[in-house]
Amino acid sequence: MTYRTSLTALALALTLSGLVAHPSAAGATATSVQWKSCPGYSDEVIRSLGVAQDKVAAFRSLMKRLECGTVSVPLNHRDPGGRKIDLAVTRLAATDESHRLGAVAVLPGGPGNSGYLDPVLRAALRNEEMAGLNERYDIIGFDPRGVGYSTKVACPLSPNGPQEPGALTEEAARKIYDAQVAANQRCGRSDPAFLGQLTTENVAKDLDLVRTALGERSLNLLGFSWGTYLGMVYRSLFPGHTGRAFLDSVAPPWTRIDEHAKDSAAAAERDFGRMAAWLARRDPTYGLGATAREVREEVAKLVRAYDKSPKTYTDLQRPIDGSAVADLARRNSTEWVRAGKALAELRTATGTTAPPTVKEVLGAPMMGPSVPGAPEALNLTMNLAVACNEDGSRAGFDTAWRAYQQLVKRHPATGRAWGLPVMCPGWPLPVQQATLKRGGGSLVLAGHLHEFMSVYDWTLQTRRAIGGTVYTVADDVHVSTTRVPECAADVVRYFETGRIGRGCAGSPVPS
């Protein structure tokens, strides 16, 4: 799973009149779907969702088929008769109703990502192979509690505190840590009754109430990133209601942010070795070294140089220091061409304006441009609350500072990109962790051999903890499986037949 970065869906099947309530395995009162008109979006909003101009018409056609509604669930599942909140759900009904196999719920990443439009964006519109999943399955999407069109709250977030460009000193790190503590305390105390109920386990219980509202005996699960952990928790709580489950970029079977950062940083440095070898084979183009070792040494040298003498460009909001160089070095293979050009530009950069590729890569906003009327893509309050409600570490400053120093020393090319490896110090609400259980149902764990956002070893740890079959994707690209046609065909075949191969090549390395 990923924190502070980055879709989802649930499973439904009845007809539009399917408002029949059934007892829920979650132990809450029965409920129903309140159907309503789906939102309308301008072409500008549709393009901001990542839809290419030539796919806008297809998006609009699919939106005409999409059903949108809400399901009422308890805020606190231990108090089913208490305060209720609304979950926004969507359904794209199977096109071949006579051969329908059930419903696939798409489980979004984050935590905090929206999954409301996932039936369209992650399934039907993604590619021809994924569109085939909708022939015999309803595709279900939803916004988890705290996100998008579902009931949510917001608290002011200023997690990074004051930060000057250049090497991170202990004094500066302590200021950042103290600012994080203060921000977390303000947020956690702003609405503890709601924020304390933002957990993966509660989202899984919400999902089961959606299942009963839709009249489904079971849900098949297609989870991405944090959604894989949600899938594990749902399967542990409701094994009798879980069908086939395909989990892509698998989260670890534990929730400790310190260990998450440690493992991810090590994987990023390993993957940079692949990038360094690729750049070395193209030394006439990039000029960073003729061997992988030379490239490694050159990039580490750049990290140190820009930490010693950061640069501020008039046309770039972000100062360029060692953390920016390290950020380029940990890009995945889909960005090696641009990242290599940017690193090459930084070797010889002069002047007051940013080199073109540096500006292109490091000047883009992380969350993408804000477009009026666009649905929320990521709710940072929910992201923080779920992560911190479940974080079993909550490291003190001295521990965090030692971990940071070790991280930078062990990973000279990419380590500076991580910053102080803390997120939850000062969070005032108690730790709540789900219990995972081994199950006998059909489960596929798709691990990406070289990625750092969901480390491949986590896939193996998860298999040891809860069972399942490992499907190895030989790339370094987070949740790429359904985007690559050959891999997506395996995913659809699995949901249709229950059979899966050993893996696929994933996203190709640029030639």
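Me: Buried means under 20% relative accessible area. This is a predicted model. Why is T481 called buried?
Reply: T481 has a relative accessible area of 0%. The cut-off is under 20%. Therefore T481 counts as buried.

Me: Where is T481, and which residues does T481 touch?
Reply: T481 sits in the loop between β9 and α19 (485-497). Leaving out residues up to four places away in sequence, T481 touches F246, D248, A446, H448, Y471, V473, C487, A488 and V491. A contact here needs heavy atoms within 4.5 Å.

Me: What makes strand β6 largely enclosed?
Reply: β6 spans residues 219-224, and six of the six are buried, so the rest of the structure largely encloses this strand. Both faces take part. L219, L221 and G223 point one way, N220, L222 and F224 the other way, and all are buried.

Me: How do you know that β6 pairs with strand β4 and with strand β7?
Reply: Pairing takes at least two bridges. Strand β4 (residues 102-107) is joined to β6 by four bridges, in parallel. β6 and β7 (residues 242-248) share five, also in the parallel sense. Both pairs therefore pass the cut-off. As examples, V104 has N220 as its bridge partner in β6, and F224 stands opposite D248 in β7.

Me: Which elements make a β-α-β unit, and of which hand?
Reply: β6, α9 and β7 make the unit, and it is right-handed.

Me: Which residues of helix α18 are buried, and what covers them?
Reply: In α18 (residues 456-466), the buried residues are Y456, W458, T459, Q461, T462 and I466. The cover includes α9 (226-237), α10 (257-280), β8 (443-448) and β9 (469-473). After α18 comes G467, with a positive phi near 90°.

Me: What is the volume of the second largest pocket, and which residues are closest to its centre?
Reply: The volume is about 290 Å³. Of the 15 lining residues, D258, K262, A403, Q406 and R410 are the closest to the centre. α10 and α17 (397-410) each supply at least two residues of this lining.

Me: How do the lining residues of the second largest pocket divide by class?
Reply: Eight are nonpolar, three polar and four charged.

How values were computed
Residues are numbered from 1 along each chain as its sequence is written. This is a predicted model: local features need pLDDT of at least 70, side-chain atom pairs count only at pLDDT 80 or more; totals for chains, interfaces and linings use all residues. Side-chain values use heavy atoms; hydrogens and water are left out. Buried means under 20% relative accessible area, exposed over 50%, partly exposed in between (1.4 Å probe, protein chains only). On a 1 Å grid over the protein atoms alone, a cavity is a set of points where a 1.4 Å probe fits but cannot get out, and a pocket is an open set with protein on both sides within 12 Å along at least five of seven lines; lining residues have an atom within 4 Å of a point. Grid points are joined across faces, edges and corners, and a volume is the space filled by probe spheres set on the points. Ala, Val, Leu, Ile, Met, Phe, Trp, Tyr, Cys and Pro count as nonpolar, Asp, Glu, Lys and Arg as charged, and the others, Gly among them, as polar. A crossover is right-handed if, with the strands pointing away from the viewer, the path from the first strand over the helix to the second runs clockwise.
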